[in-house]
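Please look through the model below before reading my points.

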Amino acid sequence: MFYKEMTVDKNRLEELRQLVEDVMYASTKKEAQYPIKRLEFMASTLRGEIDGYLFGKLGEVISYAKEASGQVKNKDHWISCVERCWYVFESRVDKEARADSEPSETKT
């Protein structure tokens, strides 16, 4: 089975997270528009670099962050959804990064 090489470095992950925070905690939907566009753009650049499962998780993070933006009912619920999906996304990225950095074993 072919797996795509992970290329989400720490800086990119931090920038993604900051944009998610900016969207979730925007006081109005209008205030969230720019970080949403930036976040969606960054996600689209990752499409060919991460596997489909991770891309889907990132899509869920973005969707829930949009729901949480502004003055909405159940804001805590949407933030909780973002946090759960982000945890899965970040954990998998970290796991893949560690696997990529480990020296491969060779049999002699």
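**Notes on the model**

1. The protein chain has an accessible surface of about 7300 Å², and 51% of that surface belongs to carbon and sulfur atoms; such areas come from the Shrake-Rupley method with a 1.4 Å probe, and for residues only the protein chains shown count as cover. Please keep in mind that this is a predicted model, in which local features need pLDDT of at least 70 and side-chain atom pairs count only at pLDDT 80 or more, while totals for chains, interfaces and linings use all residues. Residues are numbered from 1 along each chain as its sequence is written, and side-chain values use heavy atoms, with hydrogens and water left out.

2. The secondary structure comes to 4 helices and 0 strands, where helices (H or I, at least four residues) and strands (E, at least two) are DSSP runs numbered from the N terminus. Of the 108 residues in the protein chain, 33% count as buried, a word that means under 20% relative accessible area, with exposed meaning over 50% and partly exposed in between (1.4 Å probe, protein chains only).

3. The largest nonpolar core has 27 residues, and L16, V20, M24, L39, W86 and F89 are those with the most contacts inside it; a nonpolar core is a set of buried Ala, Val, Leu, Ile, Met, Phe, Trp, Tyr and Cys residues joined through side-chain atoms within 4.5 Å. Two or more residues of this core are given by each of α1 (10-24), α2 (29-46), α3 (52-68) and α4 (75-101). Leaving aside neighbours within four places in sequence, L16 is in contact (heavy atoms within 4.5 Å) with L39, M42, L46, W86 and F89.

4. Which residues of α1 meet α2? From α1 they are R12, E15, L16, L19, V20, D22 and V23, and they meet A32, P35, I36, R38, L39, M42, T45 and L46 in α2.

5. F55 lies in helix α3 and, because its relative accessibility is 21%, counts as partly exposed. Not counting residues up to four places away in sequence, F55 touches A43, R47 and I50. The C-alpha atoms of F55 and A43 are separated by 7.7 Å, although these residues are 12 residues apart along the chain.

6. N74 has its place in the loop between α3 and α4, and its relative accessibility of 56% is why N74 counts as exposed. Although N74 is not a glycine, it has a positive phi of about 60°. Most residues other than glycine have a negative phi.
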